[in-house]
Amino acid sequence: MDFSRRVDELQQRVAATKATVQAAASESREQLRQRIGQAQQDAKDAQQRAEQRADQTTDRARSKFAQMKADAAAKMDDVQAKVDRRTRQLDAKAAATDADWAEANAADTLDYAEWAVDNAQLSMLDAIDARAYADQLAKRATT
C-alpha cells in the first residue's frame, strides 16, 4: 500500500480547498452557488470512492470504516493498545496479519480524512455564501 501517495493526494486536496475558499471569499453569490454545487458533487464522489474502497476490503475492514465514521476518537485509543500488543508479539504470522489490518485501517482513515476535507470545504463555502447574503440584505436595508 502506497501511503505516501495517499497522503500527498490528501495534501493536494487540502491545498486546493484552501485556494478554493480564498477565491470564493471575493466571488458573487452566483459564483458561490456554482462552487457549492461542485463541492457537493465532490463530497458525494469522495464518499462513493471511500465506499468502493471499503467494499473491496474484507468485512472487518468495512465494519472498521463504519465504526470510524461513527466515532473517530475511539480509534486513537485503539492505536496505542495495538502498538503495545505488537511489542509483545512473537509469532510472525500473527504479526503479518496484524500489519494487514493496520494497513487497512490506515487506508480507511485516509478515506475518512478525504471525506472530511470535502465536507469542510462545503461548510466553508456555505458560510461565505450566508455572509454574502446577509451583507446583501443589510445593504438593501440601508438604501
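In this predicted model, Glu 114 and Arg 49 form a salt bridge, with their closest N and O atoms 3.7 Å apart. Glu 114 belongs to helix 5 and Arg 49 to helix 2, so the bridge ties together parts separated by 65 residues in sequence. Glu 114 is buried at 9% relative accessibility, whereas Arg 49 is partly exposed at 28%. Both residues take part in a network of salt bridges that also includes Arg 13 and Asp 118.

The structure holds eight salt bridges. Another of them joins Asp 129 and Arg 29, at 3.0 Å from N to O. This pair also links distant parts of the chain: Asp 129 sits in helix 5 (residues 92-142) and Arg 29 in helix 2 (residues 29-55), 100 residues apart.

Glu 30 and Arg 33 form a salt bridge as well, with a closest N to O distance of 3.2 Å. Both lie within helix 2, three residues apart, or about one turn of the helix.

The table lists the relative accessibility of residues in the last two pairs.

| Residue | Relative accessible area | Class |
|---|---|---|
| Asp 129 | 11% | buried |
| Arg 29 | 21% | partly exposed |
| Glu 30 | 42% | partly exposed |
| Arg 33 | 39% | partly exposed |

Helix 1 covers residues 3-24; at 1.5 Å a residue its 22 residues should span 32 Å, and the 31 Å between its end C-alpha atoms agrees with this. Its buried residues are Arg 6, Leu 10, Thr 17, Thr 20, Val 21 and Ala 24. Viewed down the helix axis, these buried residues fall within an arc of 95°, so they line one face of helix 1. On the other side, Ser 4, Gln 11, Gln 12, Lys 18 and Gln 22 are exposed.

Conventions
Residues numbered from 1 in each chain as written. Predicted model: local features only at pLDDT ≥ 70, side-chain atom pairs only at ≥ 80, totals over all residues. Heavy atoms only, no water. Helix = DSSP H or I, 4+ residues; strand = E, 2+ residues; numbered from the N terminus. Expected span 1.5 Å × (residues − 1). Buried < 20%, exposed > 50% of the residue type's maximum accessible area, 1.4 Å probe, protein only. Arc of directions from axis to C-beta. Salt bridge = Lys/Arg side-chain N within 4 Å of Asp/Glu carboxyl O.
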